[in-house]
Amino acid sequence: MLGGEFSEFEIFDKLPTATIIAADSGFHNMIGANTKPHILIGDLDSHSDEELEQMPLEIEIVKIVEQETNDFEKAVQHAIRLEKKNLLVVGMNGGYLEHTLNNWSVFAKLSKLVNLVYFEKDRYAISLEKGVQLKTTKNEIISIIPQPNAILSTIGLKWELDNYALSIGGKEGARNVAIGNEITIDVHLGEILLFIDSKLPYTASYN
């Protein structure tokens, strides 16, 4: 849980055994929700000493003061140390635009270390440098955003791509449409962000 805008707390009911990690100000997103985080981590500059002292005892507090990484990266690196391999990220967007864009850069970087899936407004985002095959519904919106360049091929989309080059500032792949119940995307070169409808508690199968 990051500190951006978020209100879809019903997802926690679908993931009852998940370990919930709040990255610093992400804890404030959960005030008033039925679910509390198991771990609060970061440089904790969003919390007063009094607030930290009053935290429920069942919440583990991990303070990391170094500034080489942001709180998002601190949270993911801690999850890796706990041997968590599949992470659902929420609350990345909102606030200053540069903060949001930096979170997306961290998301792409850390996706090389662990399976990250971002969830917002019943949509997933997945960073991909390889092929993926996944279930869809007919007419589902499929968006493919290059990071910043990619060459890829697809099967199962209304507007198919065949060794097609996408780039930021050039051709993007937003708002394509699934024509059936399965799509295949092969990333030949580069990296993409893939946006699809959420399938909680499931994500995708990688080639």
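The legends below describe close-up views of pockets and strands in a predicted model. Residues are numbered from 1 along each chain as its sequence is written, and side-chain values use heavy atoms, with hydrogens and water left out. Local features need pLDDT of at least 70 and side-chain atom pairs count only at pLDDT 80 or more, whereas totals for chains, interfaces and linings use all residues.

View 1. The largest pocket has a volume of about 710 Å³, where a pocket is an open set of points on a 1 Å grid over the protein atoms alone, reached by a 1.4 Å probe and with protein on both sides within 12 Å along at least five of seven lines. The volume is the space filled by probe spheres set on the points, which are joined across faces, edges and corners. Of its 29 lining residues, A18, T19, N86, L87 and L88 are the closest to the centre, a lining residue being one with an atom within 4 Å of a point. At least two lining residues come from each of α1 (11-14), β1 (21-23), α4 (71-81), β4 (86-89) and β5 (115-120); helices (H or I, at least four residues) and strands (E, at least two) are DSSP runs numbered from the N terminus. By class, 22 of the lining residues are nonpolar, five are polar and two are charged (Ala, Val, Leu, Ile, Met, Phe, Trp, Tyr, Cys and Pro are nonpolar, Asp, Glu, Lys and Arg charged, and the others, Gly among them, polar).

**View 2. The second largest pocket.** This pocket has a volume of about 380 Å³, and of the 22 residues that line it, S25, N70, D71, F72 and H99 are the closest to its centre. Two or more lining residues are given by α4 and by α5 (97-110), with the largest share, three residues, coming from α4. The lining holds five nonpolar, twelve polar and five charged residues.

**View 3. Strand β4 beside β5.** β4 and β5 pair in the parallel sense over four bridges (pairing requires at least two DSSP bridges), and L88 stands opposite V117 in β5.

**View 4. The sheet β1-β2-β3.** Three strands form an open sheet in the order β1-β2-β3 with parallel pairing. β1 and β3 (60-63) stand at the edges with a single partner strand each, so one side of each is left without a neighbour in the sheet. β1 pairs with β2 (residues 39-42) over three bridges, and A23 has I41 in β2 as its bridge partner.
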